[in-house]
Amino acid sequence: MNILLPKKITAAMLQAGTTIPAVDTAAGEVAWVTGTNYALGDRRVDGDYIYECVQAVTTAPQNTYAPSDTRSAAHWLKDEGAPTNRMAPFDKYLFTKARKADTLTYVIKPGFVTGVAIYGLEADTLAITVKAGGVDLIPPVTVDLWEQAFGEYEYLFGDLQRGTYYALKNLPLHPDVEITITVARNSTGVEAAVGYVSIGTWKMLLAPLQKNIGGTQYGVEATTKDYSYSEDMPDGTYRDVPGRKSTNINLTCVIDAAQAPAAKTLLDQILGQAVAVEVSNLPRYSHLATVAKVTGTIRTTSWATAEVNLQLKGNV
């Protein structure tokens, strides 16, 4: 059982070589400019998010206050579902995706970290390098994202799917680590996208007396959650409104009793946050990797062992 304790990725951590600009005019983004008046409905980039004008800005000094300024609260509304194209993978949602035709690249200097988790991939290939001072800390990673068929029929006749998730662990600790992530398409003009990138420190809930085997027990439940709804009309007809989807997971881990304090501290650290979770790194359990808010209980079962019951509310 692996949980990635995330480090907040800021715009300052993104380095030259990142191919999506801070204000992506090709994606329709427009920067807020001081001293400019704005009409109701205007949308402008300020920092990492897009803001919408909800009350016309027509005079000074109001037109000098950035949308994120508290003095602009009556005039601008932050769109929580609209980070900039550049910063979309670093918010809390999977549906907010960075998009770019053909290929997109992020070059990130996050400081001390041990792992990466990437979700919401829409691409044919994924490449990751981890360097310090221009020297590879690990061999470069290149992944073909086409998944294995479930069986012969799917292989011959089915619609093979692309993988949407990848995790990298056990990175060497280095203060000047530089992580480059590139997602690409095989066909020219097709859009590549990535929904969520988490970089931080992997924490593992290990089985008793084991150094590298997860303590997750059989009986893990993965429940799909559909946020679609129906809108009833006065004449008895109705309209189905598509919604976003997520996966909720319930599981139990058995750990060494000596790990219980560390497990409790980890739950305290991630409480209220969306974090990357990987129940197992075996291919047969790939459906049990998600981004979720995690809550749980820790119960001492004997002198030697403790039981951790976790509830994962998947993010959309």
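Modeller: For sorting a lining by class, Ala, Val, Leu, Ile, Met, Phe, Trp, Tyr, Cys and Pro count as nonpolar, Asp, Glu, Lys and Arg as charged, and the others, Gly among them, as polar. The model is predicted. On that scheme, the lining of the second largest pocket has 11 nonpolar, nine polar and two charged residues. The lining comes to 22 residues, and those nearest the pocket's centre are Met1, Gly214, Thr216, Val279 and Ser280. The space in this pocket is about 530 Å³.

Next, the cores. The largest nonpolar core has 32 residues, among which Tyr106, Ile108, Ile118, Leu126 and Ile179 touch the most other members. Two or more residues of this core come from each of β6 (103–108), β7 (115–119), β8 (125–132), β10 (141–144), β12 (178–184), β13 (191–194) and β14 (196–204). Val279, already named at the pocket, also belongs to a second, separate core of 23 residues, which includes Ile249, Cys253 and Leu312 as well.

Leaving aside residues up to four places away in sequence, Ile108 touches Ile9, Met13, Leu14, Phe90, Val177, Glu178, Ile179, Ile181 and Ile199.

As for the cysteines, Cys253 counts as buried because its relative accessibility is 0%. Cys53, at 1% relative accessibility, is buried too. The structure holds zero disulfides.

Technical notes:
Residues numbered from 1 in each chain as written. Predicted model: local features only at pLDDT ≥ 70, side-chain atom pairs only at ≥ 80, totals over all residues. Heavy atoms only, no water. Disulfide = S-S within 2.5 Å. Buried < 20%, exposed > 50% of the residue type's maximum accessible area, 1.4 Å probe, protein only. 1 Å grid on protein atoms, 1.4 Å probe; cavity = no way out; pocket = protein on both sides within 12 Å on 5 of 7 lines; lining within 4 Å. Points joined across faces, edges and corners; volume = space filled by probe spheres on them. Core = buried A, V, L, I, M, F, W, Y, C linked by side-chain atoms within 4.5 Å. Helix = DSSP H or I, 4+ residues; strand = E, 2+ residues; numbered from the N terminus. Contact = heavy atoms within 4.5 Å.
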